[in-house]
Amino acid sequence: MFTEDAYGMFEMIRPAGKPLVQLMLTMFGLSLLFASLFLSDTKGAIETKPDGVFDLVSVVLGRLAMIMTAFIVLVMFYEVVSRYVFSRPTLWANELSLWIACFVFLLAGLYAMQQRSHIRIYIIYDMMPWWMQKTSDCISVLLIVAFTFALVWGGYTDAENRFMRMETFGTAWDPPIPGIVKPALLIIIVLVCIQAVSNLFADWNKAPESHTPADEIDEAEIENIRRTLEEKN
């Protein structure tokens, strides 16, 4: 099993001409996809129920980001044990955790857009009549669309060049982080833009909401804390 011809992490990011590595990566990717689909059927206590055209896609990718966060923990745990217990630090743990974290950050932004959980200031918005609120929403979405267009317009050529030459990170493990992350950034920003437009249509006919400081209180979390304290006592 452990021979000189065994595949390591260096070969895992260079699968060309290695059918076994390609098969393993394909199976791993499909496993992540099916796990994300399975977890998307569950709804958290404070989650917004998917009700837009694009919401299900964002929820599935949000679940993928949650799974990837757990992988970062596993990678760093492996590195700590390998370094401080066996005195054999890896060459790939830092770059791999950084690589995964890039996608967690990007996909979390898409999930936050679907959940309407980005920071918003409601003081003036709540004072507006319905038609003015909708006008503000339209202006906000138009700004997002304009930003997305400018980002794709200005970054497409650079992203394409990085991807075509599969630009690497320049370290000992040398993963193609720039060649993968830069195109992914543009793609996910477009998905965020689509989700923003989907939110606008999904929320158009909803009744106006009023916001108070009490909205920030998580009743489910408070109940869990209370139950934990009771169990300790």
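**Helix packing and the core**

User: How do the axes of helix α5 and helix α6 cross?
Analyst: This is a predicted model. In it, the axes of α5 (residues 130-164) and α6 (residues 177-202) cross at roughly 160° and come within 9 Å.

User: Roughly parallel or roughly antiparallel, then?
Analyst: Angles over 145 degrees count as roughly antiparallel, so α5 is roughly antiparallel to α6.

User: And is that crossing left-handed or right-handed?
Analyst: The crossing of α5 and α6 is left-handed.

User: What kinds of residues make up the contact of α5 with α6?
Analyst: There are 19 nonpolar residues in that contact, along with three polar and four charged ones.

User: Let's zoom in on I189. Where is it found?
Analyst: I189 is found in helix α6.

User: Buried or exposed?
Analyst: The relative accessible area of I189 is 18%. Buried means under 20%, so I189 counts as buried.

User: Which residues is I189 in contact with?
Analyst: Setting aside neighbours within four places in sequence, I189 is in contact with T148 and L151.

User: How far is I189 from I13?
Analyst: C-alpha to C-alpha, I189 and I13 are 25 Å apart in space, and they are 176 residues apart in sequence.

User: New topic: how do α4 and α6 pack?
Analyst: Their axes are 8 Å apart, and the two helices pack at an angle of about 10°. Angles under 35 degrees count as roughly parallel, so α4 and α6 are roughly parallel to each other.

User: Which residues meet there?
Analyst: On the α4 side they include W99, F103 and L107, and on the α6 side they include I180, V181 and A184. By class, the contact of α4 with α6 has 17 nonpolar, four polar and one charged residues.

User: What does F103 touch?
Analyst: Not counting residues up to four places away in sequence, F103 touches M68, I180, V181 and A184.

User: Now the largest nonpolar core. Which of its residues touch the most other members?
Analyst: Of the 27 residues in that core, those are M68, W92, L96, W99, I100, F103 and L107.

User: Which elements give two or more residues to this core?
Analyst: Those are α3 (55-84), α4 (93-114) and α6. The most comes from α4, which gives 10 residues.

How values were computed. Residues are numbered from 1 along each chain as its sequence is written. This is a predicted model: local features need pLDDT of at least 70, side-chain atom pairs count only at pLDDT 80 or more; totals for chains, interfaces and linings use all residues. Side-chain values use heavy atoms; hydrogens and water are left out. Axes are lines fitted to C-alpha atoms, for helices over the stretch in contact, and angles run from 0 to 180 degrees between N-to-C directions. Helices (H or I, at least four residues) and strands (E, at least two) are DSSP runs, numbered from the N terminus. Angles under 35 degrees count as roughly parallel, over 145 as roughly antiparallel, 65 to 115 as roughly perpendicular and the rest as oblique. A crossing is left-handed if the near helix is turned anticlockwise from the far one by less than a right angle, and right-handed if clockwise. Ala, Val, Leu, Ile, Met, Phe, Trp, Tyr, Cys and Pro count as nonpolar, Asp, Glu, Lys and Arg as charged, and the others, Gly among them, as polar. A nonpolar core is a set of buried Ala, Val, Leu, Ile, Met, Phe, Trp, Tyr and Cys residues joined through side-chain atoms within 4.5 Å. Buried means under 20% relative accessible area, exposed over 50%, partly exposed in between (1.4 Å probe, protein chains only). Contact means heavy atoms within 4.5 Å.
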